[in-house]
Amino acid sequence: MQGAKPCCTPFGSHKLDHTGSLLPNPTEYRSIVGGLQYLTWTRPDLAFAVNQLCQFMHAPREQHFQAAKRVLRFLKGSVSQGLWFTKGLVDLTAYSDADWAGSTFDRRSTSGYFVFLGPNLISWSAKKQSTVARSSTEAEYRSLAHTAAELTWVCKILRDLHYPLPKLPTLWCDNISAISLASNPVFHARTKHVEIDYHYIRELVLANLLTVQFVCSADQLADLHTKSLSKSQFRYLCSKLPVGISSDPSSRLRGCIKEDSKSSISVTVK
């Protein structure tokens, strides 16, 4: 891939399925995708693409291998980018979204969320839902419940550290029906099939432990984790993430051990 041409997005508009010829040797595909899983720890913009590739590890086909190579082409044009942490306000916010019935072969939805502590991204996820959602409201509400559970966990950690939040955590969603369901216990004309477990988020709202607010779809950051986007929209949403370019290409988290002129050992971390 050294001579490959870089691309602007990690995932194309074509949805992956189980058609096409099987790879004669899937070892290379599994090795590439396994390495990309580690890279998502500092590159949240890859989470959706890697999530899609991981769903075909047992029987990868030629189209899946081409999609994996597209991610490598995207990385070639953004190899110096990484996750950055800066000082700022300490409000806890999150973005939640779901792609209803986005999978072409089992019609399950994909949930995605971003959790911010101030300007810093501290948690993110792109994951297929465990059951089929019968409506977009159900898919969005399940995603809200998963994100609310993550926010609750972060709040408990901050409480254990004796660090009080200045205001209630805010959860941003672009589905009005899901927001109404979170705060209105009477709103259940189209949601009788939603499992009781997902009313967990409504209990948090009624207990004044969480606020759910509307955000327009154009500014929904969690779209990065639920669907493939156009080049312009992908770049716009990525610009809102704390992902920047390092001024030092050799910067890394791994420490290196050196021996100085006085025969003593010093450890430096670049």
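At 16% relative accessibility, A101 counts as buried (under 20% relative accessible area with a 1.4 Å probe and protein chains only; over 50% is exposed, and anything in between is partly exposed). The model is a predicted one, so to speak of local features takes a pLDDT of at least 70 and side-chain atom pairs count only at pLDDT 80 or more, while totals for chains, interfaces and linings use all residues. Residues are numbered from 1 along each chain as its sequence is written, and side-chain values use heavy atoms, with hydrogens and water left out.

Back to A101: this residue sits in the loop between strand 2 (92-99) and strand 3 (110-117); helices (H or I, at least four residues) and strands (E, at least two) are DSSP runs numbered from the N terminus. A101 is not a glycine, yet its phi is positive, at about 50 degrees. Most residues other than glycine have a negative phi. N208 also goes against that, with a positive phi near 60 degrees, and is found in the loop between helix 6 (200-206) and strand 6 (211-214).

As for nonpolar cores (buried Ala, Val, Leu, Ile, Met, Phe, Trp, Tyr and Cys residues joined through side-chain atoms within 4.5 Å), the largest has 35 residues, and Y29, L53, L224 and L241 have the most contacts inside it. Two or more residues each come from helix 1 (27-39), helix 2 (47-54), helix 3 (62-76), strand 3 and helix 7 (231-238), with helix 3 giving the largest share, six residues. This core lies between domain 1 (1-81) and domain 2 (92-243), because both give residues to it; the domain bounds come from an automatic or database assignment. Neighbours within four places in sequence aside, L53 is in contact (heavy atoms within 4.5 Å) with residues including L16, Y29, V33, L36 and V71. A second, separate core has 23 residues, among them V115, L158, L181 and I201.

L181 is also one of the buried residues of helix 5 (176-183), along with S177, A178, I179 and A182. These buried residues pack against helix 4 (136-160), strand 5 (170-173), helix 6 and strand 6. N175 caps the N-terminal end of helix 5, with a side-chain oxygen 3.2 Å from the backbone nitrogen of S177.

Over in helix 4 is E140, which is buried yet has no salt bridge (a side-chain nitrogen of Lys or Arg within 4 Å of a carboxyl oxygen of Asp or Glu). The nearest side chain of opposite charge, K227, is 6.6 Å away. Beyond its neighbours within four places in sequence, E140 is in contact with residues including S96, D97, N175 and A178.

Terms used:
A polar contact is a pair of N or O atoms within 3.5 Å; within protein, one must be able to donate a hydrogen and the other to accept it, and residues adjacent in sequence count only if both atoms are side-chain atoms. Lys and Arg count as positive and Asp and Glu as negative; His and the chain ends are not counted.
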